Amino acid sequence: MDILKELNPQQKEAVLHTEGPLLVLAGAGSGKTRVITYRIAYLLHQGILPENILGVTFTNKAADEMKKRIETINNSFSRQRLWISTFHSACVRILRAHLKNPNFTIYDADDQNSLIKECLKELNLTLQPKAVLATISRAKENLITAGKYTPTNFFEQKIKPLYELYQSKLDENNGLDFDDILMKTVLLWQQEPQILELYQNRFKYLLVDEYQDTNYVQYLFTKMLVQRHNNICCVGDDDQSIYSFRGADIRNILNFEKDYKNVKIIRLEENYRSTEAILSLANRVISHNIGRKGKTLWTRKTGGPPVITYVGADEHQEAAFVTRKVLEISGQEMTLNNFAVLYRVNAQSRVLEEAFRKAHLPYLIIGGVSFYGRKEIKDILAYLKILVNSQDAVSLKRIINVPARGIGKTTIQKIENLAREKGISLYSALQEIQTTEILPPKATAAIKKFVELMAHFIKLKTTKGVLELTNELIDKTGYKQELEELAEHDRLDNIKEFLISIEEFEASNEDKTLEAFLANISLYTDIDNWDDTAPKVNLMTLHSAKGLEFNYVFMVGLEEGLLPHMNAREEIEKEEERRLCYVGMTRAKKQLFLSYAIKRRLYSGTFARPSRFLLECKGRI
DNA sequence: CATGCACAGCTTTTT
DNA sequence: GCTGTGCATG
């Protein structure tokens with residue numbers, strides 16, 4: 001097979017070792033994606049059917065790219081039958097196939113927030129929604145359902161009833177949060193072994209990317225799945241584990257040898273991305289961490305322009321430095337998409353934006369408030385979600401009076417009361433309440449009009465596609481008109497963009513139903529649609545930068561308190577900050593710039609001391 | 001029901 | 001120090 005010539009000995013070994021558990025410890029820029037794609041291409045070449053392979057990645061973007069790359073190597077297989085997807089997408093597919101009520105709504109962070117606030121109100125508690133949700137999320141990641149949740153301290157005692165109420169509301173709404181998607185899949189497999197068997201038999205070969213960032217449910221998912229055929233290939237890098245705050249457990253990769261028998265371990269240590277100047281510095285920083293699997297990256301790209309450190313008087317000077325350098329280098333040879341500015345917290349982007357705008361440098365912020373997180377998009381999506389799942393009260397309450405149609409807070413309260421009394425959904429209560437005299441005539445008329453409007457859309461849904469339906473929706477609800485009257489051009493543009501994304505969905509997916517569209521869109525984020533060829537400087541957090549590479553990388557705000565962040569107090573947390581720093585540094589191909597400011601106004605504090613990670617490079621820059 | 005003001009909250013977040 | 005949220009007022 002010709003393609004094997006394009007691999008180095010270790011990569012080739014990883015591709016050819018198809019039977020039995022395999023752990024590939026792949027350093028930054030060592031051709032990890034190449035190994036996975038070639039491995040799948042090789043399996044297909046060996047006559048393995050596409051439906052017998054499951055590849056799991058962490059982003060849709062990675063999944064899409066992988067699929068494309070496999071096709072360029074080998075395009076004689078059925079794209080439909082090969083599953084390369086995120087954990088969540090795979091689980092949604094499984095749940096949609098086996099759940100009694102498959103038209104569930106996926107609740108994002110925003111929806112979760114509304115729901116937990118309701119719960120806090122009902123139980124008369126004043127905890128931080130964020131803290132509550134984080135605790136519930138941690139529980140779900142560890143497969144602890146509300147019923148099984150046993151408090152061990154005062155805080156958790158307060159959480160218990162909240163978790164129970166929150167979950168019962170989710171169930172009533174037929175809504176699943178992101179954690180439910182994973183937890184319910186594994187629970188389904190535990191409760192109905194014949195369903196698990198179905199998938200065990202189907203997926204003879206499992207590949208998991210970014211294994212260092214899997215949490216307990218994801219770990220279980222993979223472990224249960226491979227029990228029959230035992231062909232699991234996990235690829236990851238313990239030095240790039242940066243999501244422990246989301247439940248990622250580095251032990252999954254560190255204990256791989258104990259979890260599976262006859263494990264083969266292959267290290268990929270040749271870095272094809274960065275120059276020696278960059279890599280030696282990164283190696284130096286990460287060597288300060290203990291408890292590593294241990295590997296040292298090397299590169300053939302000896303020398304290279306030195307890593308440059310810049311000290312600014314304040315954050316504005318720092319931003320000016322970045323702008324100046326970008327202009328200087330881009331003027332000579334490089335288009336702007338070759339540049340990235342990486343920071344620890346999103347709040348740092350503002351100063352940079354100002355500087356870029358002043359210099360007329362086009363830039364693009366990745367992450368932050370996502371496109372699908374925008375109010376106008378979420379509103380439209382809420383309408384669509386109700387059409388699929390009328391039990392979804394969160395979405396219903398979101399748009400019942402958007403645009404304003406005379407259904408106020410008291411009215412909604414009365415409808416909610418009726419729904420609770422009769423034990424029916426909020427949507428059913430809308431119909432029910434019209435036959436009573438609970439509401440004043442004006443409100444009843446407004447409800448009637450709203451219900452008729454929704455009924456119209458529900459009927460339309462059976463005959464029209466998603467695009468036509470949505471077009472009519474923004475029109476008939478008066479949503480578009482309102483934005484036009486308020487001259488909200490940005491929002492109108494966003495809606496136009498949303499309509500384009502529907503067109504793209506209809507063009508590229510076989511299942512063009514609204515159900516499929518919603519399931520798909522809930523699992524997509526900005527980075528998945530990111531056009532990395534547009535001539536713009538990329539701005540993003542260090543976290544968002546994982547898996548990406550740029551010729552020129554600027555890491556800004558290398559100060560104690562920012563990187564490592566002040567909230568990372570424990571030593572293990574400091575080590576994760578160091579890994580974050582390592583991830584940032586290893587994104588650079590040609591040249592790396594490190595900077596900090598002597599004085600920085602962020603929130604109300606001032607940071608002053610250079611980051612310890614800079615000091616750890618000492619003697620090298 | 002819309003607007004304004006006060007006040008909380010502020011790390012990262014592939015899904 | 002800034003921004004989004006939530007309640008009170010008109």
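By class, three charged residues, one polar and one nonpolar make up the surface near DNA strand C, where near means having a heavy atom within 4 Å of the strand. Asp, Glu, Lys and Arg count as charged, Ala, Val, Leu, Ile, Met, Phe, Trp, Tyr, Cys and Pro as nonpolar, and the others as polar. This is a predicted model, in which local features need pLDDT of at least 70, side-chain atom pairs count only at pLDDT 80 or more, and totals for chains, interfaces and linings use all residues. Residues are numbered from 1 along each chain as its sequence is written, chains are lettered from A and ligands numbered from 1 in the order written, and side-chain values use heavy atoms, without hydrogens and water.

Which residues are around DNA strand C? They are Lys-117, Arg-350, Arg-601, Tyr-603 and Ser-604.

Now to the nonpolar cores, sets of buried (under 20% relative accessible area, 1.4 Å probe, protein chains only) Ala, Val, Leu, Ile, Met, Phe, Trp, Tyr and Cys residues joined through side-chain atoms within 4.5 Å.

| Core | Size | Members include |
|---|---|---|
| Largest | 55 residues | Leu-384, Leu-430, Phe-450 |
| Second, separate | 43 residues | Trp-83, Val-217, Leu-220, Leu-523 |

In the largest core, Leu-384 is among the residues that touch the most other members. Leaving out residues up to four places away in sequence, Leu-384 touches Leu-469, Thr-470, Leu-473, Phe-498, Leu-514, Phe-517 and Leu-518, with touching meaning heavy atoms within 4.5 Å.

Note on methods
Buried means under 20% relative accessible area, exposed over 50%, partly exposed in between (1.4 Å probe, protein chains only).
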